[in-house]
Amino acid sequence: MRSTLRERSNIVIVKTVVVDVEVDHVEDDDALTVRWELEGEPVAVDVAIGTSPDHINHTQQARVPAGQTSLRLLRPSGGRLFVSVTSQQGGPAVVAAERRISFEAVTNFRDLGGYRTRSGRRVQWGRLFRSDALHGMTEGDLAVYDQLGLRAVYDLRGDVEVAEQPNPVPSRHLPILTRPPGDATPLEFDGTTSVDGEQVLAAIYIRGIDHAAPRIGELFSALTEPDGVPAVFHCHAGKDRTGLVAALLLEALEVDRESILDDYELTARYRLRAQQDQTFERLMKLGLAPEAAAGVLTTPRWAMAAALEHLEREYENIEGYLTGPAAMTRPDLQRLADVLLTPDLT
């Protein structure tokens, strides 16, 4: 157990700290469920809320007794809510918010904040988002978008997609290719089962790692520019190209592998079946059997895990990949961490 230790004379006191907080919207209800995880013995916690990720400006809502690890809060209207939870024994407050931003026509727009790194820092909330396509945003969506204060949009889609469905907001086009540039050879698909479709995904992710490295390095470097964040990057579904970039980014920030894969799988929760019908038909025309096409539309944890394992085999680690084929430098990587992570308090 990794708790904070203090010594007084010969007495060792174990201080319980908050290590994780999750905030979820209760469906069909104007309420939020806040859950937290402690390291150490059960203790009371203070729960506070505010309109920014800075817990200093939060207003306390409740002191929750030891043993209770969740709380229901009314969801206010007119803005995003951030929740902070602090152990009564001290230690840093841990801040969280709803990961998904609620839009009318965009369903998979998510904040990458809150994930803890191996060094104990966290990805800052409200700095970087991942999303599905933005071209269909309504006037109401644009109002929500404006409240996020975004400075940059990185569009990972291909040239044809961008031409046919342009974004309604200024965007930087950084197409993530899964094949070598100039390779127009028609893709051939084999197999008839959902597992065969999942294997297609794994192959796409591995090709993306190998062939999209320069674009990925360009994107990560762009995030460190003066107007690089707050930002969102997106493709069509926010699942494959976006999922790969998000996984590599969290890997670069030293987020643990299980959290990276958890984030990848969240698309299955937010991507609607009706949004997949056109993609399903397109996959059928490319030669996939219905079951295999359905498999391609899933988010199999093993497929992204296989891609990250491929990265380690071929490039040793994420640093070797980003300072190698992605053409970044170690100072670039340090700037990326400084821009996206909470301060290092050690």
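V106 counts as buried, with a relative accessibility of 0% (buried means under 20% relative accessible area, exposed over 50% and partly exposed in between, with a 1.4 Å probe and protein chains only). The model is a predicted one, in which local features need pLDDT of at least 70 and side-chain atom pairs count only at pLDDT 80 or more, while totals for chains, interfaces and linings use all residues. Residues are numbered from 1 along each chain as its sequence is written, and side-chain values use heavy atoms, with hydrogens and water left out.

- V106 lies in the loop between strand 9 (94–97) and strand 10 (110–111); helices (H or I, at least four residues) and strands (E, at least two) are DSSP runs, numbered from the N terminus.
- Leaving aside neighbours within four places in sequence, V106 is in contact (heavy atoms within 4.5 Å) with R100, S131, D132, A133, L134, M137 and D141.

**Helix 4 and helix 5**

- The axes of helix 4 (residues 213–222) and helix 5 (residues 241–252) come within 11 Å and cross at roughly 60 degrees, which makes helix 4 oblique to helix 5.
- Axes are lines fitted to C-alpha atoms, for helices over the stretch in contact, with angles from 0 to 180 degrees between N-to-C directions; angles under 35 degrees count as roughly parallel, over 145 as roughly antiparallel, 65 to 115 as roughly perpendicular and the rest as oblique.
- I216, L219 and F220 in helix 4 meet V245, L248 and L249 in helix 5, and the residues of this contact divide into six nonpolar, no polar and no charged (Ala, Val, Leu, Ile, Met, Phe, Trp, Tyr, Cys and Pro count as nonpolar, Asp, Glu, Lys and Arg as charged, and the others, Gly among them, as polar).

- Four strands form an open sheet in the order 6-5-8-9, with antiparallel pairing (two strands pair if DSSP finds at least two bridges between them).
- Strand 6 (59–64) and strand 9 are the edge strands, each pairing on one side only, and the twist averages 25 degrees from one strand to the next.
- Strand 5 (residues 45–50) and strand 8 (residues 82–87) run antiparallel and are joined by six bridges, with V83 in strand 8 as the bridge partner of I49.
- Strand 4 (residues 31–39) is joined to strand 7 by five bridges in an antiparallel arrangement, and S70 in strand 7 is the bridge partner of R35.
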